[in-house]
Amino acid sequence: MARRCIILLFVCALVPLGAFAQITYSTGAVRDYIPNGCNGPDLPATLPEASLFRAWYNFAGYTNISQWANTDVWGSDFRDGAGNDLDPGGGSGLPQVYLFAGHGTCQNPPNASSPDFIVTCSSTGTPNSTNIGSSTRWGNDNLRFAFIDASCPMDLVSIVNQWGPVFQGLHVATGHSGTSTQDALDSPVRGDQLAARTAQLPIPLSWLIPSQSVGGAWMSVGTQDVQSGCCAVVVAAGATEADAITRRENERVYSGWSNPVPNWIAWRWLCRG
């Protein structure tokens, strides 16, 4: 009888308890660029990456509200203003957590005024290229955590100019800094591992994959499958420098912290040698 009870308890521990059901998330992944008339190359790993991300978050009990792919991911999903971002069909501002897997744009090399981009490929919601610094405003909606797995959407040299305006209630964002020869490679690993490390999985998986802060998780996985010289970057906002640093180092997806007053941004990076 005792052995049977232990087995039952073990099985029950594997069942998600729905503790985080109130936290919403979405994914947007673009694989097909060339077939749809956009500049390539195609990115065959993006759809599996988004699927793996969803698998971990669903298992942990989060609520998935959209999972757009290919031409259903629009440039307007990432732009603020009338008709953009909060489109009822699924802008990036609808959930609290959003993963984008697709193309960005790299300069060789970037400078302090170089823009950062998210690049989609659809005939709807054009243009497909979104200048993050001038057009993206996150946190004046529902979004709290923006995970961008693309080419060079967060260049260190221009991060204050390009990312300072983006934080309008957004808590933490992740991305890469690099060039076309120091780039993030097409791979499902980063999104997969980022989700596993930020979701707070139920016991006993949490013993194998302990939960980390968003910043800590990205520093652990963001340099996987990237070229030498590419850097994983995390940015957070706060009312003071100390507040921004605390959020960058310690905030988790499920922390439940209030929206930051974006007086400061603090960033951290780790580069592949």
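This is a predicted model: local features need pLDDT of at least 70, side-chain atom pairs count only at pLDDT 80 or more; totals for chains, interfaces and linings use all residues.
Residues are numbered from 1 along each chain as its sequence is written, and side-chain values use heavy atoms, with hydrogens and water left out.

**Disulfides**

- By the 2.5 Å rule, the count comes to three disulfides.
- Numbered in sequence order, the bonded cysteines of the protein chain pair as 1-3, 2-4, 5-6.
- Cys38 is joined to Cys121 with an S to S distance of 2.0 Å, and this link is right-handed, with 95° about the S-S bond.
- Cys38 sits in the loop between S1 and H2, and Cys121 in the loop between S4 and S5, 83 residues apart. Here helices (H or I, at least four residues) and strands (E, at least two) are DSSP runs, numbered from the N terminus.
- Cys38 is buried at 18% relative accessibility, and Cys121 is buried at 0%. Buried means under 20% relative accessible area, exposed over 50%, and partly exposed in between (1.4 Å probe, protein chains only).
- The sulfur atoms of Cys106 and Cys152 are 1.9 Å apart in a disulfide, which is right-handed with 85° about the S-S bond.
- Cys106 lies in the loop between S3 and S4 and Cys152 in the loop between S6 and H4, so this pair ties together parts that are 46 residues apart in sequence.
- Cys231 and Cys271 form a disulfide with sulfur atoms 1.9 Å apart; the torsion about its S-S bond is about 90°, so the link is right-handed.
- Cys231 is in strand S8 and Cys271 in strand S9, so the pair ties together parts that are 40 residues apart in sequence.
- Cys231 is buried at 6% relative accessibility, whereas Cys271 is partly exposed at 37%.

**Salt bridges**

- The structure holds six salt bridges, a salt bridge being a side-chain nitrogen of Lys or Arg within 4 Å of a carboxyl oxygen of Asp or Glu.
- Asp243, Arg247 and Glu251 are linked in a network of salt bridges.
- Asp243 and Arg247 are four residues apart in helix H8 (residues 241-250), so about one helical turn separates them. An α-helix has 3.6 residues a turn, so residues three or four places apart point the same way.
- Asp243 is partly exposed at 23%, Arg247 is buried at 6%, and Glu251 is buried at 1%.
- Another salt bridge joins Glu249 and Arg248 at 2.7 Å, N to O; Glu249 is partly exposed at 26% and Arg248 is buried at 15%.

- From S1 the chain crosses through helix H2 (residues 46-60) to S2, a right-handed β-α-β crossover. Right-handed means that, with the strands pointing away from the viewer, the path from the first strand over the helix to the second runs clockwise.
- Leu99, in strand S3 (residues 97-101), is buried at 1%.
- The C-alpha atoms of Leu99 and Gly28 are separated by 6.2 Å, although the two residues are 71 apart along the chain.

**Cores and a covered helix**

- The largest nonpolar core has 30 residues; such a core is a set of buried Ala, Val, Leu, Ile, Met, Phe, Trp, Tyr and Cys residues joined through side-chain atoms within 4.5 Å.
- S8 gives the most to this core, with four residues.
- A second, separate core of 26 residues includes Tyr25, Leu194, Trp218 and Val253.
- In helix H7 (residues 214-221), seven of the eight residues are buried, Trp218 among them.
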